[in-house]
Amino acid sequence: MSANLGISKGGIDIAMQVKESYRSGEPICVPGDPTRILLPEHLVNIDLDLTEFEDPLPLALMATRDPESPMALAAATRLSPKAEHQKLVAGVCALVGETTRHPLVKRSIDLITENDFSPKAIAFVRTRTSQFIVETRRQYAHALKVILRALLDGDMTPSDFVQQFIKLTEAGNLQSDVRQKLVTSLLLSETVRPGIKFLMLEHFNSFPMPTRQGIIQAVASAPESRHIDVLKEELRWIVSHEKQKRQAEKLVVKRKTRSGSAGVH
């Protein structure tokens, strides 16, 4: 498809990658920097060049499929200006408004389309989106403090705390370093019971790779003690087990490839 229609072949490829990220549960990262998760703030920052993510299709996919309202709304906000004088992209925007799972995205798209994609309407939605992102993150941060206090006061079970903690950090679109610091502070805290720490490590692979790497480095550099040594050993086992799992998966793929090649005459 020609880029002069507002949609490029590269954009289609990136949209497929975004779709796969949602399917696998892996975070979408900033283009060219796999250690940084793409955040709503990146999408509403019009001065930031997002290279391949500037194409309407990956933005439309995020605005439609992302499970969190701030991210979906930010994607819709960045998509909207691209529809001016582009009938195909305007149609994509309309489709986003019809199919998105987020009512706030639908209302924003409706407002912008009703005003013929005017810069004033788009700027208004962008400002409201930025305010919504800040307020949502504040609410998630407060919720994290509430469940931590409930845990320390004995009003929440460790398993419930860990599940809620992971959900809140994911839903809050926290930066990798912030999420890493939160988890590390729990693992290294002397007031948090060991059982809670091991429950957290049971969910270690649910964290994005940048967060996992930061946690490993922080624990490895922590002052030696009996419980830190146990954490280090547990992390070594997790990393080793994951490495073996990836190697086994690669071996299966290689065998299937060879089997397929052998069957071709």
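Analyst: In this predicted model, H6 passes H7 in a right-handed crossing. The residues that make this contact are Leu 104, Ser 108, Leu 111 and Ile 112 on H6, and Ala 121, Ile 122, Phe 124, Val 125 and Phe 132 on H7. The axes of H6, residues 103-114, and H7, residues 119-152, come within 9 Å and cross at roughly 160°. Angles over 145 degrees count as roughly antiparallel, and H6 and H7 are therefore roughly antiparallel to each other.

A second pair is formed by H3, residues 56-65, and H5, residues 87-99, which pack at an angle of about 10° with their axes 9 Å apart. Because angles under 35 degrees count as roughly parallel, that angle makes H3 roughly parallel to H5. The crossing of H3 and H5 is right-handed. On the H3 side the contact is made by Pro 56, Ala 60, Ala 63 and Thr 64, and on the H5 side by Val 89, Val 92, Val 96 and Thr 99. These divide into 6 nonpolar and 2 polar residues, with no charged ones.

Val 96 of the H3 and H5 contact also belongs to the largest nonpolar core, which has 35 residues. Val 96 is listed there with Val 18, Leu 38, Leu 43 and Met 62 as the residues with the most contacts inside the core. Two or more residues of this core come from each of H1 (9-24), H2 (40-44), H3, H4 (69-79), H5, H6 and H7. H4 gives the largest share, 7 residues.

Beyond its neighbours within four places in sequence, Leu 43 is in contact with Leu 38, Leu 50, Leu 59, Met 62, Met 71, Ala 74, Ala 75 and Arg 78. Apart from this core lies another, of 24 residues, among them Phe 165, Leu 186, Leu 201 and Ile 238.

H4 itself is mostly covered, with 10 of its 11 residues buried. The buried residues are Pro 70, Met 71, Ala 72, Leu 73, Ala 74, Ala 75, Ala 76, Thr 77, Arg 78 and Leu 79. Their cover includes H2, H3, H5, H6 and H7.

Terms used: Residues numbered from 1 in each chain as written. Predicted model: local features only at pLDDT ≥ 70, side-chain atom pairs only at ≥ 80, totals over all residues. Heavy atoms only, no water. Axes fitted to C-alpha atoms, helices over the stretch in contact; angles between N-to-C directions. Helix = DSSP H or I, 4+ residues; strand = E, 2+ residues; numbered from the N terminus. Parallel < 35°, antiparallel > 145°, perpendicular 65-115°, else oblique. Left-handed = near helix turned anticlockwise from the far one by under 90°. Contact = heavy atoms within 4.5 Å. Nonpolar A, V, L, I, M, F, W, Y, C, P; charged D, E, K, R; others polar. Core = buried A, V, L, I, M, F, W, Y, C linked by side-chain atoms within 4.5 Å. Buried < 20%, exposed > 50% of the residue type's maximum accessible area, 1.4 Å probe, protein only.
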